[in-house]
Amino acid sequence: MFALQIESLNKTYKNGVVALQDICFSVAKGDFFALLGPNGAGKSTTIGIITSLVNKSSGRIRVFNHDIDTHPSEAKQCIGVVPQEFNFNIFEKVEQILINQAGYYGIPYRIAKKRTEHYLKRLGLWNKRHSNARDLSGGMKRRLMIARALIHEPKLLILDEPTAGVDIELRRSLWDFVREINEKGTTIILTTHYLEEAESLCRNIAIINHGKIIEHTEKHTLLNKLKKEHFILYLRDPLHHTPILPGFNITLLDQNTLDVEIDVTQNINDLFQKLSEHTILVKSMRNKTNRLEELFLKLTNSS
Amino acid sequence: MKPSSNITFISFSTIVSKEITRFIRIWSQTLLPPAIIMALYFIIFGNFVGSQLPLTQGYTYMQFIAPGLIMMAVITNAYNNVVSSFFTQRFQKSVDEILVSPTPNWVILLGFSTGGILRGVLVGIIVGLIALCFTHLHFQHLFVTFIAALLTSIFFSFAGFTNALFARKFDDVAIIPTFILTPLTYLGGVFYSLNQLPPHWQTFAKLNPIIYMVDTFRYGLLGITDINVYFSLGLLFLLTCLLFFVNLYLLNKGVGLKP
């Protein structure tokens, strides 16, 4: 069973800009799926079409087998969306925004009130329920939009850059929250600029660039495509010359820091063994860049 | 499959209650100004100027202009409520909240329009009560009075909705009321009888739909008319239906809402 099926989706805007070209991908029920791509790649257009906020030029979209053209109401009932930009009435009270949203989905007031309390408490906004939305901080506004998207308990939650402009602590707590929702059975589609976020949360990934899907696979399969990895090693004692270790490409960044390029077929233990032979002791190490980020840049630059 | 009638009713009542809350919350911008402006019209035109004028079709000038002033308030308030509310939601993108939901387009149209109708009728009642402070009015034909006010407010709510769909900036929201609606209302027989115009101007004036609304409403209140009431009501009904389907078509196409 698929939560989302997109077939031959095309979008050309009135000004002639071709935003999407023959997009095809599907998202399995229960999946945590990342749709990645650089700015202007077509991510938000795709999400806009799925959520009926953008007219498509051609193609077919089904949400839990409901065609968005022939069965829009059923399809819309299944979807909850957290858009990139704040799009609530800033003069409305937090609680009222959620109750109204529930109303648009035909949820009776009594149930809407209960769910509003549940989600506002869960997202730490209960104390702000009587505040105007404009008085919330950026992070609170993000959480409000997540609560609003969940009020009708959708089977498919679409998060378009949900943690943009959010501090690290809040970002982590939002990750935990969406993980929990996903574990309870909600399918999640995430677009993000934080590739660490996608690597940490998602099981399947599609990469879109210039309106085309250039990669659509499992995260692990995708990461295996990475031929080389860079590690930064922090040394205990300073070095004055770049050590020469056969098979490894090493750069001395400063007296205490080495940048080592390792082929995925190589063993990292061999590196440490050779470093020990040269009496070079490593204090700590880290990936130079996020692995997915490295791959993402390679794919989007080459397409 | 269409959404069930219960879901449709809940989404409709949500939009309507949100609209009512909005115009009640900002009553000093929505309900108070028309009351003050119309009171000034009654004092200046009805009292100071009107007292110098002869009876018009058996009524004092104050009585003659009262129905027109009430309709003027109904027209501008029904129109302004929908155009400002819907355009603001478009501008803030908060209308997306409704567009992503299963609420059908006809419910969106009727929901916002009902807000305009209720404000138009409420302001009409307020202005009617102010008129009673200056003169006495009796319903000659209660049903005609009611139906004329209702159809007029529906028509102008729909017209406000069309304006809100096409507007790109706040200036576009003000242009139609300022340059089209207000002149048409002033030329719509509020302050004079159609029969007082020269024959060729009478023909020209009949191209203005507001003249039929004011005339029918005046017939309901005073029992005097320049145009056949049934013809006016029929025309108003047809124009209202036409505007409903035009708006529905625009919504279905996503004009002004979906790139």
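# Legends to the close-up views

**Asn10(A) has Ser58(A) as its bridge partner in β4(A).** The structure shown is a predicted model, in which local features need a pLDDT of at least 70 and side-chain atom pairs count only at pLDDT 80 or more, while totals for chains, interfaces and linings use all residues. Residues are numbered from 1 along each chain as its sequence is written, and chains are lettered from A and ligands numbered from 1 in the order in which they are written. Strand β1 (residues 2-12) of chain A and strand β4 (residues 58-63) of chain A run antiparallel and are joined by five bridges; two strands are said to pair if DSSP finds at least two bridges between them. Strands (E, at least two residues) and helices (H or I, at least four) are DSSP runs, numbered from the N terminus.

**The open sheet of β2-β1-β4-β5 in chain A consists of four strands in that order, with antiparallel pairing.** Because β2 (18-28) and β5 of chain A stand at the edges, each with a single partner strand, one side of each is left without a neighbour in the sheet. Strand β5 (residues 66-67) of chain A pairs with β4(A) in the antiparallel sense over two bridges, and in β5(A) it is His66(A) that stands opposite Val63(A). β4(A) and β5(A) form a hairpin with two residues between them, and Phe64(A), which lies in the turn, has a positive phi of about 45°.

**Another open sheet of chain A has four strands in the order β12-β13-β11-β14, with antiparallel pairing.** Here β12 (249-254) and β14 (282-287) of chain A stand at the edges, each with a single partner strand, so one side of each is left without a neighbour in the sheet. On average, and with direction ignored, neighbouring strands of this sheet are turned by 25° against each other; axes are lines fitted to C-alpha atoms, for helices over the stretch in contact, and angles run from 0 to 180 degrees between N-to-C directions. Strand β11 (residues 228-235) of chain A is joined to β14(A) by five bridges, and the two run antiparallel. Within β14(A), Met285(A) is the bridge partner of Leu233(A).

**The domain assignment of chain A gives domain 1 (2-224) and domain 2 (228-302).** These bounds come from an automatic or database domain assignment. The C-alpha centres of the two domains of chain A lie 38 Å apart, and their contact takes twelve residues from domain 1 and eight residues from domain 2, two residues being in contact if their C-beta atoms, placed from the backbone, lie within 7 Å. On the side of domain 1 that touches domain 2, the elements of chain A that give two or more residues are α7 (195-201), β9 (204-209), β10 (212-218) and α8 (219-224). The largest share of that side, four residues, comes from α7(A).

**The largest nonpolar core has 139 residues.** A nonpolar core is a set of buried Ala, Val, Leu, Ile, Met, Phe, Trp, Tyr and Cys residues joined through C-beta atoms within 7 Å; a residue is buried if 20 or more other C-beta atoms, placed from the backbone, lie within 10 Å of its own, exposed if 12 or fewer do, and partly exposed in between. Among the residues with the most contacts inside this core are Phe33(A), Ile158(A) and Leu69(B). Helix α4 (residues 61-92) of chain B supplies the largest share of this core, 18 residues. A second, separate core of six residues includes Leu233(A), Leu258(A), Val260(A) and Leu271(A). If residues up to four places away in sequence are not counted, Ile158(A) touches Ile47(A), Ile50(A), Thr51(A), Ile79(A), Val81(A), Val82(A) and Ile189(A).

**Helix α3 (residues 94-104) of chain A and helix α1 (residues 5-25) of chain B have axes that come within 7 Å and cross at roughly 145°.** The contact is made by Asn100(A), Gly103(A) and Tyr104(A) of α3(A) together with Ile10(B), Ser11(B), Thr14(B) and Lys18(B) of α1(B). Taken over the chains, 23 residues of chain B are in contact with 26 residues of chain A. The elements that give two or more residues to the side of chain B that touches chain A are α1 and α5 (96-99) of chain B, and α1(B) gives the most, with six residues.
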